[in-house]
Every structure is written in structure tokens, then in C-alpha cells.
Amino acid sequence: MHLKDKVALVTGAAQGIGNAFARALLEKGCKVALVDQNVERGKASKDAFDKQFEAQRTIFISCDVSSEEKLKDAFKKAFEHFGKLDIVVNNAGVNNEKNWEITVQVNLISVIRGTYIGLEHMKTQNGHNGGVIVNVASLAGLMPVAFQPVYCASKHGVIGFTRSIAMASEAANYGVRINTICPAFVNTPILQSIDKEENMGQYVAYIDKIKDMMEVYGVLEPTLIAKGLIQILEDDSLNGQVMKITTKRGIHFHEYNTAPIETGNSNL
Ligand SMILES: NC(=O)c1ccc[n+]([C@@H]2O[C@H](COP(=O)([O-])OP(=O)(O)OC[C@H]3O[C@@H](n4cnc5c(N)ncnc54)[C@H](O)[C@@H]3O)[C@@H](O)[C@H]2O)c1
């Protein structure tokens, strides 16, 4: 996809990785709907972008993505404001092992919903021009994480859903590519949640082990994750791919065996 003048909707755009995504999209000439529940930070982000880019290229939309009604409304507002939608980045996420249902709600259910609403606004069958959806997962979606079991489950869900809906989109000729990004640790405010009991619940006792993991894996900067996003958007050959971003190997893709279950095996 050629990015100039494309319209993107980014959830969780008020800070962290989502904010870096919005900046990278603006630098490429896109218009961006910044969707976030944090109104203060969201407005401050828009103000900061307005100093560097034309004000009409961004809109801040206050929205809790866990509300179906509000999420639908946010898409409607973005679509009506800019007149079309080409890119959706379902990025908003939380780390909460104590009130773990919210982690499933925001990290998985809202990503699924954002994908379906995005498809309605972009698929060719509805008279649109197609587009690209990127769902933000994590390396925690590809391996077990002892002290974040629900976060881990939510991110595994994002990867399974994204790979599957990408195949469905291709089969139905929606004209929409759907991929996922899995970063290792990234230097954003979410990392401050790992030593808080209100986020970690019973696992707060293992804070030292999590910090050890950070030492081993290293911590990336959000700009590198944004570089990965731009690569996915610009490369029209990518659909159903799982992009991993790590300190050791940078941006690369997860390779899967064609089928984990051998067909014809009578035991399965
Ligand atoms: N930082 C990391 O180490 C890391 C690593 C891998 C994946 N991720 C994923 O990247 C994504 C972005 O995380 P981040 O590191 O930038 O975190 P962050 O906490 O800095 O930013 C998350 C943003 O999402 C918004 N948000 C949270 N819940 C919301 C809701 N219900 N409705 C609307 N907005 C909501 C927050 O207000 C915030 O602006 C998340 O999905 C996260 O799981 C982060």
C-alpha cells in the first residue's frame, strides 16, 4: 500500500507504541484517528502532533474500546470525518492479572471486534477500496509467560484469530490484508504496571523474575515497532503473517510448519 493520503485508525494512540504508530503514519503522509480512553493524554498527543503536522490530519476520538457501542461509534466518527478508512491498527492493550477479565476484554475481544468493524468499513463487498488491519499481539502470544498467564492467553488469542481471519478475508476477496505484530519488551508506560499489585495480583511476588527476563530479552524502543508497522502496511504480499520484533534479531517473521496436525493421522 502506498501510504500517502491514506486514512488510519489507531487504538491506544495516546501514548506508548500506539503513539509511535500514529507518528510514523503521519510522517508517511497519512491522516490518523487517534482513539483512546485517556482523554487528557489523547488531547495532549493531538496538540503535540499539531505542532509538527497539519492539524486537519489528526482527530482525537475518546473511546473505551471494550464498549461495543463506543468502538462502533469511534469507527463511524473517523470514517465520516475523513470520508474513508484504509488502515486499522488494533493496538490498545492492558496488563492486568488481578482483574483478569478486563485483559481478555481489551486485549482480545476488542481486537476481534475492531477487526470485524474495520472489515465492514473497508471491504470491497461494501463498496470500499480494501485496506490493511494490523493487530498488536506480543511475543507472549508465542510462548508461555509464567507470571502473566491471562495476558499470555489474550495474545495467543490475537495471533490465532488474526491468522484465521486473514485466510477468511483472502477466501472472500475482501481486499483487506490482516497481520499481527509481536514485540518483545518495549519501553512504554505499560512496563510500570509489572511491579504493581493492582495489576499483577498474586504474581507481584515474582517481580524480580520478570525484571530478570527484561535483562535477558532487552527493552526495545517504540520507534522500531512503528518501523515494523510501516513494513507490513507497505508490503502488499503480507497477509496472515506474524511479525516478531526482538533486540537480537530486530524485525523478522515467525515461521510455522504448514500444518501442526498431520492429516490422515487416525489418532487425531
Ligand atoms: N510495552 C511492551 O513491552 C509491549 C510488548 C508487547 C506488546 N505490547 C502491546 O502493545 C500494545 C500497546 O502497549 P503499550 O506498551 O504502548 O502500552 P501503554 O500502556 O503505554 O499504552 C496503551 C494505550 O492503550 C490505551 N488503552 C488501554 N485500555 C483501553 C481501552 N479500554 N480503551 C481505549 N484505550 C485503551 C491506554 O490509555 C494507552 O494509551 C498493547 O496491546 C500491548 O499489550 C506491549
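1. A residue is termed buried under 20% relative accessible area, exposed over 50% and partly exposed in between (1.4 Å probe, protein chains only). On this scale N173, at 58% relative accessibility, is exposed, whereas D5, with a relative accessible area of 40%, is partly exposed.

2. The model is predicted: local features need pLDDT of at least 70 and side-chain atom pairs pLDDT 80 or more, while totals for chains, interfaces and linings use all residues. Residues are numbered from 1 along each chain as its sequence is written, and side-chain values use heavy atoms, without hydrogens and water.

3. Most residues other than glycine have a negative phi. D5, in the segment before β1 (7-11), has a positive phi near 70 degrees. N173, in the loop between α5 and β6 (176-183), has a positive phi of about 55 degrees. Helices (H or I, at least four residues) and strands (E, at least two) are DSSP runs, numbered from the N terminus.

4. Around the ligand there are 29 residues, of which I17, D36, Y151, V186 and T188 come nearest; a residue is counted if one of its heavy atoms lies within 4 Å.

5. An N or O atom in the side chain of T188 is 2.5 Å from a ligand oxygen, and a polar side-chain atom of D36 lies 2.6 Å from an oxygen atom of the ligand. A backbone N or O atom of V65 lies 2.9 Å from a ligand nitrogen.

Technical notes: Polar contact = N/O pair within 3.5 Å; in protein donor to acceptor, adjacent residues only side chain to side chain.
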